[in-house]
Amino acid sequence: MSDAFDYLSPKDGFMVTKANYLSDFDQTVVTYLYQPLMGAVAYSLYLLLWSQSTQAKSQMTFQTHATLLNLLGVDLPAFYDARNKLEALGLMRTYQKNNNTGRNLVYELYAPMQPHIFFNDDLLSVILYESVGEKRFIELREHFKLQPVRSKEYEEVTKNFLTVFHVQNDHLTTAPTAVAEAQSTYQQKKAQKPSFTSVELRTFDWALLQEVVAQNQIDTDEILRNEQRLFNLHYFYGLDEMELGRLIGLTMDVADSRVNMDALEQNVLNNYTRRHSVQNNSEQPAKKPLETLQKEWQKAGFNEKEMQWLTESQQYLPVDYLEYLKQKNHGFVAKNEIRALRDLQNRYIFNNDVLNILVVYIISQYEGLTQALLDRIANQWAQQGVKTSADAILQIRDFQTKQETKQTKRQPRYQAKTKQETVPKWAKSDYQAPQTTSSKADQQEIDQLLKKIREGRES
């Protein structure tokens, strides 16, 4: 970065402060979720600045940037690039003051976003996905997934605060002055979400967008209020002003002429996945009649149970099939199961026939259907090129065969490691005691020893 020297000098002073507290868990989040995005230098800079922020001296006096460069072992352009990445990711804000001696900068550090906010952010989650790949992305998502108690077998017996602690009623209505002052003192700035700069925002024709949405009585304030999220849709999905305006009109809240961002983002995502699905499946053959398919399945050697699954996969929609299978087992479909299935269906990875095979396989093997389970198996099938319900059955067969082979291989290894105890010769059925012979001299020696022993006992 050749212009780094225009904005920064090793002689410039810096001071570190922090807007949030940083916990061990926050450091874990930075390591797992942010480090792949920012790289090693920015990651080291963030941790170094945070460690300095815990020292009172670093928050009271300015040091030169040469100190940071020496500690990090990098040159000024590399440092400047790392600083920009921290700012872009919302982990740091930089403030500058020029004086007669040069520039003084204050680096204000922010804690990372919590994992559930990070993964729900289109910008961050997509960049992480692109940085680490799908497999690692799924691993990270599962790593930070919480497991709250959802079982209906347990009744919550937790005590609330006022049941355990007594607080004067007047203090509940009006906090004491010292408490109010403490609350004011400890106000924290929220963790920063990445946002587009004013320069980036100016690349979009906002006047044209406002002109388009004005046809639906959506005023300028509504566009300004959602400026960042609207620009995000334009930036990621390549929507121009006309198309974005049209979609805003389709998803708006008609009652009060407001932009419904959640509905708009979902609509854009659905259109995107549907468009890509159509492109990927443009050469998919037309569906054959069920009787024709059944003849082909019989010819291919599918067994009775597989034939039943294949036939049922043609007769139901996925959610209806899930409900049918649950009722068959005297159960019911949970809301999270429907959401998980809908989510996979909306990604248009498989047709309904394949989804039905996925559903019946999971219901037959596991207690219920979860998002993680669906994604894991769907991902494996997608990588293996599953396109039809018959492909899915073959994948199940292949998986089960591999599992059985593994178990078969494990058994001989276990037996081979079993320790064989050595049976002593005397314990064998054909054992014969050795015949010993002694000479006359040996016998005399033994007799003398026995005589000494007896004499010793008598004395």
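Reader: Which residues touch the most other members of the largest nonpolar core?

Author: This is a predicted model. Its largest nonpolar core holds 41 residues. Those that touch the most other members are Leu33, Tyr34, Met38, Leu49, Phe79 and Tyr107.

Reader: Which element gives the largest share of this core?

Author: Several elements give two or more residues to this core, including strand 1 (13-18), helix 2 (24-38), helix 6 (76-88) and helix 8 (122-143). Helix 3 (40-53) is also one of them. The largest share is seven residues, and the element that gives it is helix 3.

Reader: Is Gln215 buried or exposed?

Author: Gln215 is found in the loop between helix 13 (206-213) and helix 14 (220-225). Its relative accessibility is 64%. The cut-off for exposed is over 50%, so Gln215 counts as exposed.

Reader: How many Å apart in space are Gln215 and Gly249, C-alpha to C-alpha?

Author: In sequence, Gln215 and Gly249 are 34 residues apart. In space, C-alpha to C-alpha, the value is 8.5 Å.

Reader: Which residue meets Asp375 in a salt bridge?

Author: Asp375 lies in helix 23 (residues 371-383), and its partner lies in helix 8. The pair links distant parts of the chain, 234 residues apart. The N to O distance is 3.3 Å, and the partner is Arg141.

Reader: What separates Asp398 and Lys402 along helix 24?

Author: The side chains of Asp398 and Lys402 meet in a salt bridge, 3.2 Å from N to O. Asp398 is partly exposed at 34%, and Lys402 is partly exposed at 48%. The two are four residues apart in helix 24 (residues 389-416), so what separates them is about one helical turn.

Reader: Which residues do salt bridges that share partners join into one network?

Author: Arg258 forms a salt bridge with Asp256, with the closest N and O atoms 3.9 Å apart. Arg258 is partly exposed at 35%, and Asp256 is partly exposed at 43%. Through shared partners, the network joins Glu222, Arg225, Asp256 and Arg258.

Reader: How many salt bridges does the count come to?

Author: The pair Asp375 and Arg141 is a salt bridge, and so is the pair Asp398 and Lys402. The count comes to 15.

Conventions. Residues numbered from 1 in each chain as written. Predicted model: local features only at pLDDT ≥ 70, side-chain atom pairs only at ≥ 80, totals over all residues. Heavy atoms only, no water. Core = buried A, V, L, I, M, F, W, Y, C linked by side-chain atoms within 4.5 Å. Buried < 20%, exposed > 50% of the residue type's maximum accessible area, 1.4 Å probe, protein only. Salt bridge = Lys/Arg side-chain N within 4 Å of Asp/Glu carboxyl O.
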